[in-house]
Amino acid sequence: MSGDAARSLGKGSEPPGPVPQGKIRVYSMRFCPFAQRTRLVLKAKGIGHEVININLKNKPEWYFQKNPHGLVPVLENSQGQLICESLITCEYLEEAYPGKKLLPDDPYEKACQKMLLELFSKVPSLMSSFIRMQNKEDGPGIKDELRKEFSKLEEALKKKKTTFFGGNSLSMIDYLMWPWFERLDSLELNECVAHTPNLKLWMAAMREDPTVSSLITDAKTFQGFFRLYMQNSPEACDYGL
Amino acid sequence: MSEPRPGNSSMSCRQRCASGLRTTGLLGAVFQNSSLGQEGAQQYLEPTAADSHREAPVRAEDWADPCREMMAGDSSRTLSKGSCPPGPVPDGVIRLYSMRFCPYSHRTRLVLKAKGIRHEIININLKNKPEWYYTKHPFGQVPVLENNQCQLIYESVIACEYLDDAYPGRKLFPYDPYERARQKMLLELFCKVPQLTKDCLVALRCGRDCTELKATLRREFCNLEEILEYQNTSFFGGSRISMVDYLFWPWFERLDVYGLSDCINHTPMLQVWMATMKQDPTVCALLIDKGIFLGFLNLYFQNNPNAFDFGLVY
């Protein structure tokens with residue numbers, strides 16, 4: 001049984017069989033923000049898929065055949081083709097599957113979404129260093145840097161005068177940024193958006209999106225996961241199951 | 001990491017560099033089930049009948065209006081601080097803000113040429129940037145594309161993708177979504193090369209030891225060599241030159257003039273790829289003369305703001 005809420009596969013597990021026709025498989029981890037991007041796109045486009053969660057603290061030997069560094073997300077289709085890197089997986093799904101278009105058709109608007117993503121690019125590593133920080137004194141410095149990055153996004157939203165980063169409806173760029181904003185609460189980083197009112201409104205609007213809300217994780221669960229993950233516990237990835 | 005043993009061409013690159021080979025998370029995926037190297041599997045790069053009539057070669061009169069060429073061609077003097085901002089982009093043309101020796105801009109110039117896109121080039125003095133240039137790019141970087149609707153596109157890869165999307169003629173990216181994804185994964189595999197080559201160049205020019213840096217660069221080249229070995233195709237994208245080859249090329253063209261030619265000593269397929277690339281008409285047309293490049297580098301490392309115009313006749 002392989003779903004969003006399935007126990008992760010670890011060392012010693014049997015490798016999964018081939019991907020059934022008509023479905024695509026995503027190797028994931030319930031709390032990974034990069035894998036969440038892919039799951040958001042799969043859901044938003046209504047793509048028939050199966051999820052195999054990987055225990056990132058106790059990786060199955062067979063998983064290194066899918067990705068030599070054992071990272072998630074990885075897509076595998078029924079032809080056995082593998083696609084890595086969250087952004088590449090999301091663009092692949094957009095191009096390979098019909099249904100709701102998440103990227104604009106216009107080449108310039110498409111380029112704008114990619115340029116916007118560049119503005120966001122420092123956020124994942126900043127949040128990662130906040131989670132991993134050894135000295136509490138480093139906290140204020142990281143928060144300052146985060147605030148700086150968030151102001152850039154605030155400026156972009158102000159200039160566009162729309163609710164979402166791609167216009168008045170949700171599109172790819174919003175899904176690609178969302179997972180990190182979902183984690184602000186659990187990391188007690190909400191103060192970093194205190195002076196970015198448009199960004200706060202965007203976050204509220206995102207929470208109302210059916211796709212986003214169907215995949216949302218609450219702050220307490222994140223905190224439980226972070227605690228175990230930072231202790232390198234092999235139970236971390238299955239927290240809450 | 002120990003130096004690879006020379007002269008043992010029967011071993012694969014992986015074996016030669018075994019002690020130092022560091023695969024990225026992408027090699028596995030990139031090797032899987034691609035149709036590349038298989039007979040009859042190149043359709044995704046073949047233009048359709050409808051495309052082929054649009055693939056007109058670039059004619060001299062299409063290239064640039066001779067009156068404009070003096071101020072806005074591949075070989076025009078840079079604009080610096082105190083210069084007047086250029087006017088709007090004329091109809092039927094796209095403008096590229098560039099610098100003759102910049103590898104990132106080089107990518108965009110290759111795509112413009114390969115697709116036969118009418119364009120004008122404004123070179124920017126990167127050590128003495130015009131104030132108005134910050135309205136085109138927040139940090140004053142090149143390349144930037146500007147069209148006649150005043151739309152600006154920056155970041156070299158985004159600019160190249162935009163051109164492939166927006167203009168007709170031969171598509172440089174494959175049509176097949178998986179093959180497109182594969183080209184992007186290959187680009188990830190390459191992503192450390194630009195910074196590494198720059199670091200090596202700076203170290204060499206400043207008389208610092210760069211043994212470690214060069215060893216790291218060689219390891220990155222080994223990853224790319226493995227891909228070519230596995231695929232057994234002339235180009236990274238298959239049997240025809242495509243986007244990924246153009247995106248890689250500028251740094252390989254610079255290996256010689258940067259003093260890093262020995263970094264491909266043990267990657268024979270990469271050497272063959274480079275030789276093949278040099279025969280491509282687009283690559284060939286934009287090849288930079290070694291003497292001029294060296295002149296530029298000498299002035300650049302002396303912080304001379306005239307570096308960027310080195311080699312221009314007028």
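**View 1. R109(B) in helix α6 of chain B.** In this predicted model, R109(B) sits in helix α6, which covers residues 103–114 of chain B. R109(B) counts as buried because its relative accessibility is 6%, under the 20% limit. Its side chain reaches the backbone oxygen of R100(B) at 3.4 Å. Leaving aside residues up to four places away in sequence, R109(B) touches D74(B), L96(B), S98(B), R100(B), I121(B) and L286(B).

**View 2. The interface between chain A and chain B.** In this view, 24 residues of chain A are in contact with 25 residues of chain B. The two chains bury about 2200 Å² between them, and 64% of that area is on carbon and sulfur atoms. On the side of chain A, I88(A), Y108(A) and M115(A) lose the most area to chain B, together 24% of what that side buries.

**View 3. Salt bridges and polar contacts between chain A and chain B.** The count of salt bridges between the chains is 5. K110(A) forms a salt bridge with D165(B), with the closest N and O atoms 3.8 Å apart. There are also 3 residue pairs in polar contact between chain A and chain B, both residues of each pair being at pLDDT 80 or more. On the side of chain A that touches chain B, β4 (82–84), α2 (86–96) and α3 (107–120) of chain A each supply at least two residues. Helix α3(A) gives the most to this side, with 7 residues. The residues of this side divide into 11 nonpolar, 6 polar and 7 charged.

**View 4. Two cis peptide bonds.** V72(A) and P73(A) are joined by a cis peptide bond, with omega about 0°. P73(A) lies in the loop between β2 (49–53) and β3 (74–76) of chain A. In chain B, a cis peptide bond joins V142(B) and P143(B), and omega is about 0°. The loop that holds P143(B) runs between β2 (119–123) and β3 (144–146) of chain B.

View 5. E85(A), a residue other than glycine, has a positive phi near 75°. E85(A) is in the loop between β4 and α2 of chain A, and at 31% relative accessibility it counts as partly exposed. C150(B) is not a glycine either, and its phi is positive at about 65°. C150(B) is placed in the loop between β3 and β4 (152–154) of chain B. Its relative accessibility is 56%, so C150(B) counts as exposed.

Definitions and conventions. Residues are numbered from 1 along each chain as its sequence is written. Chains are lettered from A and ligands numbered from 1 in the order in which they are written. This is a predicted model: local features need pLDDT of at least 70, side-chain atom pairs count only at pLDDT 80 or more; totals for chains, interfaces and linings use all residues. Side-chain values use heavy atoms; hydrogens and water are left out. Contact means heavy atoms within 4.5 Å. Buried area is the accessible area (1.4 Å probe) that two parts lose on being put together, summed over both. A salt bridge is a side-chain nitrogen of Lys or Arg within 4 Å of a carboxyl oxygen of Asp or Glu. A polar contact is a pair of N or O atoms within 3.5 Å; within protein, one must be able to donate a hydrogen and the other to accept it, and residues adjacent in sequence count only if both atoms are side-chain atoms. Helices (H or I, at least four residues) and strands (E, at least two) are DSSP runs, numbered from the N terminus. Ala, Val, Leu, Ile, Met, Phe, Trp, Tyr, Cys and Pro count as nonpolar, Asp, Glu, Lys and Arg as charged, and the others, Gly among them, as polar. Buried means under 20% relative accessible area, exposed over 50%, partly exposed in between (1.4 Å probe, protein chains only).
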